[in-house]
Amino acid sequence: FFQQFTDQWLKLENTAQIAIDTGTYKGFDISLKTEILQETRHFLKHLVLNDLSALNMLDADFTMLNEPLARHYGVEGVRGQAFRQVALTEETRGGLLGQSSVLMLGSTGKDSHPIRRAVWLRDRLLNDPPAPPPPDVPDLDETNPDFAKLTIREQLEVHRDKESCASCHRGIDPWGIALESYDGIGTWRDVPDEDLATSLPDGKQFSGPGGLK
């Protein structure tokens with residue numbers, strides 16, 4: 001039940017379609033994908049069987065790890081293959097939004113994809129999926145020959161210059177921009193605060209994963 005419910009609700013089965021670029025993420029073991037999914041399944045199971053608050057799904061001071069996944073996150077002191085509750089000292093990792101399964105869903109396999117992350121969050125967590133894009137909307141990288149040199153914020157600003165794109169992206173982009181501190185496999189990377197600061201259409205301002213939570 002826990003595996004089927006978790007996978008269907010969060011669309012974890014879609015991680016099978018994400019081919020991790022091992023040139024970008026050197027040393028990434030493809031078999032780690034299985035451990036990454038197990039973290040989320042064990043996490044939901046732990047919440048239910050221990051009657052813990054559902055708010056832990058947004059932010060928690062623990063997660064469920066085994067040794068390979070702890071190594072992936074840089075957490076020390078976890079030995080063996082069995083998953084167990086592990087206290088988190090980093091506030092940015094707790095909850096579903098800090099788990100590699102969810103973050104990997106919103107990636108290209110080579111880098112993060114803030115639009116995919118935003119659409120997933122609105123659809124799966126808020127039950128407010130954005131409307132699909134019109135069929136004639138171009139991909140992000142077709143609007144600027146030097147597109148790859150731009151920051152993600154600059155890339156999205158280029159896209160929003162198109163009138164047909166702007167109204168939808170105002171309600172999508174902030175949710176994904178806030179998670180840019182996580183790379184395509186869900187590990188932490190340092191991003192300048194100014195590149196994470198954003199605001200929702202109602203004017204609510206926040207920055208980074210902590211502000212989003």
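**Salt bridges and a buried threonine**

Arg71 sits out in the open: its relative accessible area is 56%, so it counts as exposed (exposed is over 50%, buried under 20% and partly exposed in between, with a 1.4 Å probe and protein chains only). The model is predicted, so local features need pLDDT of at least 70 and side-chain atom pairs pLDDT 80 or more, while totals for chains, interfaces and linings use all residues. Numbering starts from 1 along each chain as its sequence is written, and side-chain values use heavy atoms, with hydrogens and water left out.

The partner of Arg71 is Glu67, and the two form a salt bridge whose closest N and O atoms are 3.3 Å apart (a salt bridge being a Lys or Arg side-chain nitrogen within 4 Å of an Asp or Glu carboxyl oxygen). Both residues belong to helix H3, residues 67–73, where four residues, about one turn of the helix, separate them (helices, H or I with at least four residues, and strands, E with at least two, are DSSP runs numbered from the N terminus). Glu67 is partly exposed, at 23% relative accessible area. Counted by this rule, there are eight salt bridges.

Another of these pairs Arg189 with Asp111, with 2.9 Å between the closest N and O atoms. This one ties together distant parts of the chain, 78 residues apart: Arg189 comes from the loop between helix H8 (173–177) and helix H9 (193–196), and Asp111 from the loop between helix H4 (100–105) and helix H5 (114–125). Each end is partly exposed, with a relative accessible area of 23% for Arg189 and 34% for Asp111.

Asp128 and Arg122 make a salt bridge as well, at 3.3 Å from N to O. Here the two ends fall into separate classes: Asp128 is partly exposed at 39%, whereas Arg122 is buried at 12%. Elsewhere, salt bridges join Lys11, Asp123 and Arg124 into a network.

Neighbours within four places in sequence aside, Thr63 is in contact with Glu39, Phe43, Arg84, Gln85, Val86, Leu88 and Gln99 (contact means heavy atoms within 4.5 Å).
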